Amino acid sequence: MGEPEIRAAVEETAVQIAEMEIRGAATIADAAARALERQATESDAEGAEAFRREMRAAARRLLDTRPTAVSLPNSLRYVLGRMDGDSVESLRASTVAGAREFRARLETAQDDLGAIGANRLQDGDTVLFHCHSTDVLSCIEAAVERGTSLEAIVKETRPRKQGHITARELRELGVPVTLIVDGAAGRYLDESDHVFVGADSVTADGAVVNKIGTRPLAVTARERDTPVVVAAQTLKLDPTTLSGHTVEIEMRDEREVVGDDERVEIGEITVENPAFDVTPPRYVDAIVTERGQFPPESIVFLMRELFGEQSTRPWEDGS
Ligand code: RUB
């Protein structure tokens, strides 16, 4: 029995995720579901078991790209969990239907979350942003559509400057933006009514894993009594943390931090580039999901309701 054939569409998606051409937890989840759909559609596996093996191998290839955003394994869990049947045709049809259903739910969840998050925002509020989160922007879009007038302070978000994407998208929504370097956040918190951030993973104890720099921002915001709101669809809840697993923090290439020439100029040093950090629940005022707003400490009850105590690994052979 040879290696299962992974279709080019899956390989391309995996490379794009690893290289951050596709990035952000919800966008990664959407792309992974789309890639599994392509694998199912294009597969020429002969026999049901060969098809299942291919789908599992494709899911493992996608999973191997970036370790931190739980939306990726949750997307694979959803789609593979819907794969059902005893012929290639029935397996193909159920997988494609599962992938489409997942992507449709993702869009609805983000709209529902946005409507809830918008309730926190009052006319004339200033919001401070970190990173680029489509869940956060959904809250702002919903508020703007209701006629709420907002102003934005946007952190640059080194090293990849996702703040620039946030700044552009806020401008497109008609929100006036002030861009600041990351180190200036403390000063501008005094002028901010809220901090809004996204999440790559939320753990069972209510800790929030998000773009590096979220934690110091949240700690400083707490010191100044500026509420910290995390916009995170339930897709960001990590079921493995219910049984004590921890979230792996991705370490990325040092060249994102310092160029080759600069490095030579500085001399022999170590450069580290963690992509995410963990904000403890005590610094978070609310986690806004499509199921409502939760104090971080109570998110575990929602997790149990959604996932039970078990987390599945349907991409493993023999599962
Ligand atoms: C993106 C990031 C975002 C979350 C949430 O990191 O930390 O805040 O993924 O985004 P990266 P969304 O750019 O390294 O992928 O709300 O769009 O899911």
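Two residues are in contact when heavy atoms lie within 4.5 Å. The model is predicted: local features need pLDDT of at least 70, side-chain atom pairs count only at pLDDT 80 or more, and totals for chains, interfaces and linings use all residues. Residues are numbered from 1 along each chain as its sequence is written, and side-chain values use heavy atoms, with hydrogens and water left out.

**Exercise 1.** Describe the surroundings of D125.

*Solution.*
1. Leave aside the neighbours within four places in sequence; D125 is then in contact with R120, S149, L150, E151, D193 and H194.
2. Look for a polar partner among the side chains: the D125 side chain makes a polar contact with that of H194, at 2.7 Å. A polar contact is a pair of N or O atoms within 3.5 Å; within protein, one must be able to donate a hydrogen and the other to accept it, and residues adjacent in sequence count only if both atoms are side-chain atoms.
3. Check for a salt bridge (a side-chain nitrogen of Lys or Arg within 4 Å of a carboxyl oxygen of Asp or Glu). D125 is buried but has none, and R120, the nearest side chain of opposite charge, is 8.6 Å away. Buried means under 20% relative accessible area with a 1.4 Å probe, protein chains only.

**Exercise 2.** Describe how domain 1 and domain 2 meet.

*Solution.*
1. Take the bounds from the domain assignment: 8-109 for domain 1 and 119-306 for domain 2.
2. Count the contacts: 20 residues of domain 1 touch 26 residues of domain 2.
3. Count the salt bridges between the domains: there is one.
4. Count the polar contacts: ten residue pairs cross the interface, both residues at pLDDT 80 or more.

Technical notes:
Buried means under 20% relative accessible area, exposed over 50%, partly exposed in between (1.4 Å probe, protein chains only). Lys and Arg count as positive and Asp and Glu as negative; His and the chain ends are not counted. Domain bounds come from an automatic or database domain assignment.
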